[in-house]
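Keep the picture in view as you read.

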Amino acid sequence: MGGPAPVDEDATRRGHASAEALLARHGVVTRGAVVAERLPGGFAGAYRVLSAFEESGRTRRGYFVAGLGAAQFGTTGAVDRLRTFGEPAGGVDGAAGEPSTYVLAATDPANPYGAALPWPDRPGTVGRDGDEPTATEAPAGTHRPGRKAGALVVVVDGELVLYVERGGRTLLTFTAEADPSLARPTRWREPCTGERSAG
């Protein structure tokens, strides 16, 4: 009995739903983002669906973010938004001369570290034998960053500067030397309540 093999409609629907969720969550989907999500079928499965989305005009494929690999897919809106960032705005309010500083939850999709990008090496860390730690070895006597609930990351001008474990128990730094900009007071904003105060 010749003929085409039956198509698993549920698997197709799951693949499409997963690809849609990736695009909605990340805007630009990379291999690292798919691996971090631990999707069934891995990157190969997501790649097939995203390629089909590209052929139908639902996504664009390109090299949108430098350093994240060539297989990147993004929604039209996300790609257009990325193009508006030719020159990054400075400071918290976009003031010139101020570094762009963001405090994000470690699990936030806007945090690329531990998902699309590996966690950077911490300067001055040593392995158990006193040498540089290997890729699979944790530095001796130190904590490791991770995409953990309650943890925070501080990103300054696109570079990871600080990792704060939940509750502030551990602070990991990712700068080679004392950065004077870290000593400057930081303006913290109150959560937006939708109300404006007079004055």
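**Starting from one serine**

Ser 51 is buried, with a relative accessible area of 10%; "buried" here means under 20% relative accessible area, while exposed is over 50% and partly exposed lies in between (1.4 Å probe, protein chains only). Before going on, note that this is a predicted model, where local features need pLDDT of at least 70, side-chain atom pairs count only at pLDDT 80 or more, and totals for chains, interfaces and linings use all residues. Residues are numbered from 1 along each chain as its sequence is written, and side-chain values use heavy atoms, with hydrogens and water left out.

So where does Ser 51 sit? You'll find Ser 51 in helix H3; helices (H or I, at least four residues) and strands (E, at least two) are DSSP runs, numbered from the N terminus. Leaving aside residues up to four places away in sequence, Ser 51 touches Arg 61 and Phe 73, where a contact means heavy atoms within 4.5 Å.

H3 has 14 residues, so at 1.5 Å a residue it should span 20 Å, and its end C-alpha atoms are 21 Å apart, which agrees. (The expected span is 1.5 Å times one less than the number of residues.) Just after H3, Gly 57 takes a positive phi of about 90 degrees.

Now for the core. The largest nonpolar core has eleven residues, among them Leu 22, Val 29, Leu 50 and Phe 73. Such a core is a set of buried Ala, Val, Leu, Ile, Met, Phe, Trp, Tyr and Cys residues joined through side-chain atoms within 4.5 Å. Helix H1 (9-26) and helix H3 (42-55) are the elements that give two or more residues to this core, and H3 gives the most, with five.

Next, look at the sheet. Three strands form an open, antiparallel sheet in the order S1-S3-S2; two strands pair if DSSP finds at least two bridges between them. S1 (28-29) and S2 (60-62) stand at the edges with a single partner strand each, so one side of each has no neighbour in the sheet. H3 packs on this sheet, touching S1, S2 and S3, and its direction makes about 50 degrees with that of S3. (Axes are lines fitted to C-alpha atoms, for helices over the stretch in contact, and angles run from 0 to 180 degrees between N-to-C directions.)
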